[in-house]
Amino acid sequence: MYLIGLGTAVPPRRFTQPECLAALQHAPQFPQLNARSHALLKKVLTGENGIASRHLAVGSLEEAFVLTPDALHTRFARHAPELAAQAAERALAAAQLAPTQIDAIIISTCTGYLCPGLTSYVSERMGLRSDVVALDLVGQGCGAALPNWRMAEALLAANRAQHVLSVCVEICSAAFFLDDDPGVLISAGLFGDGAGAAVLSNQPAPHARRVEWKASRSLLSPAERDSLRFEQRNGMLRNILNREVPEIAANHVDSLVREMLHRYPLYPSDVTGWILHAGGREVLAALQKRLSLGERDVRLSASVLLDFGNVSSPFVLFVLERALAQNAPGGWWLMSSFGAGFSCHGAFLKVE
């Protein structure tokens, strides 16, 4: 399987972390939080947390704190199809394909729910064929991009498709929640909105760099499910984010990488590029330490986190886009994502 087109999209409004804090301090929910929560929010939004700004699908930050089930659902229903289609159109343009050449579309999300799913709305916006294979994947959290690609790989291998459009879109501002739980507050200062799309094919693109999906692997640990997941409270999504997540993520990514290197086989020194989901500054630091990586190895993940925050499932697509745009050295690239489940995913890309 080959990547022949890649595109990303974010909402037009960009907000710095200090701007988010100022708006939050005037939000109706702020007086309901205790002093410890006020201090934590100030630390998260003005300290060195690896994030400078985030793009949010709101007209103003005041709108971001209209936290009712109807308002949050409306935000998702309006902006998720729009962002997904924007990213998909850019991926198609990069692949030099027409919409009618797409045989299957797979869309992953966890920050909202529509029935019919996002594939219906995006297919309509883009003018895909009426017989396109349309698959909606939900509930995989931040790790969803790689399972999405594995589904595309299966369709291509079975000759059910020649070109697959893979999309990840998250309107994290449609899943905001505020209370005195530290994990909830950290989440409110961590996530941004965005979408990423890839066109995947059985043949490489003749006009672009050759990026081949060579091998993949996933690990699932249900025993640690309650460390990172969504729950429903008062009709809204509430993120559970335990303080152990950086260590859990580092443990699982390390195990996955070791297993993949052994199975292929390759040595750690053979990996020339790291396309890592950052999660947050502490998570990225834990990954860097556990995998014995240098600053240069994680610089692209750190730069995406700095500019966009954690955009959840599209994050690794943003990192991959930067690596290709900056003409990063070819060879074996290791792509890894993780999220709710607790799940962890990895893939080897051969880049020439």
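Residues are numbered from 1 along each chain as its sequence is written. In this prediction, local features need pLDDT of at least 70 and side-chain atom pairs count only at pLDDT 80 or more, while totals for chains, interfaces and linings use all residues, and side-chain values use heavy atoms, with hydrogens and water left out.

**The sheet**

Strands here are DSSP runs of E with at least two residues, helices are runs of H or I with at least four residues, and both are numbered from the N terminus. Two strands pair if DSSP finds at least two bridges between them. Strand β1 (residues 2-9) has eight of its eight residues buried, where buried means under 20% relative accessible area, exposed over 50% and partly exposed in between, with a 1.4 Å probe and protein chains only.

| Strand pair | Sense | Bridges | Example of opposite residues |
|---|---|---|---|
| β12 (residues 331-339) and β13 (residues 343-351) | antiparallel | nine | Trp 332 and Lys 350 |

These strands belong to an open sheet of nine strands with mixed pairing, in the order β5-β4-β6-β7-β1-β8-β13-β12-β11. Its edges are β5 (133-138) and β11 (271-276); each has a single partner strand, so one side of each is left without a neighbour in the sheet. On average, neighbouring strands of this sheet are turned by 25 degrees against each other, direction ignored; the axes are lines fitted to C-alpha atoms, for helices over the stretch in contact, and angles run from 0 to 180 degrees between N-to-C directions.

**Two buried residues**

Ala 104 is found in strand β4 (residues 104-109) and counts as buried because its relative accessibility is 1%. Ala 161 is 57 residues away from Ala 104 in sequence, yet their C-alpha atoms are 6.4 Å apart. Ala 161 is also one of the residues in contact with Ala 104 (heavy atoms within 4.5 Å), and others beyond four places in sequence include Val 132, Leu 155 and Val 164.

His 55, in strand β3 (residues 53-55), is buried too, with a relative accessible area of 12%. A polar atom of its side chain lies 2.9 Å from the backbone oxygen of Pro 11. Beyond four places in sequence, the contacts of His 55 include Val 10, Arg 13, Gly 192, Asp 307 and Phe 308.

**Pocket and cavity**

The largest pocket has a volume of about 790 Å³. Of the 30 residues lining this pocket, Val 44, Ile 186, Leu 241, Pro 246 and Glu 282 lie nearest its centre. Two or more lining residues come from each of α2 (35-46), α7 (182-188), α8 (245-263) and α9 (281-290), and α2 gives the most, with four.

A search of the whole structure finds one cavity of 30 Å³ or more. About 110 Å³ of space lies in the largest cavity, which is lined by 13 residues, with Cys 20, Arg 54, Phe 65, Phe 176 and Ala 188 nearest its centre. The elements giving two or more residues to that lining are α1 (17-25), α2 and α7.

On a 1 Å grid over the protein atoms alone, a cavity is a set of points where a 1.4 Å probe fits but cannot get out, a pocket is an open set with protein on both sides within 12 Å along at least five of seven lines, and lining residues have an atom within 4 Å of a point. Grid points are joined across faces, edges and corners, and a volume is the space filled by probe spheres set on the points.

Definitions and conventions
A polar contact is a pair of N or O atoms within 3.5 Å; within protein, one must be able to donate a hydrogen and the other to accept it, and residues adjacent in sequence count only if both atoms are side-chain atoms.
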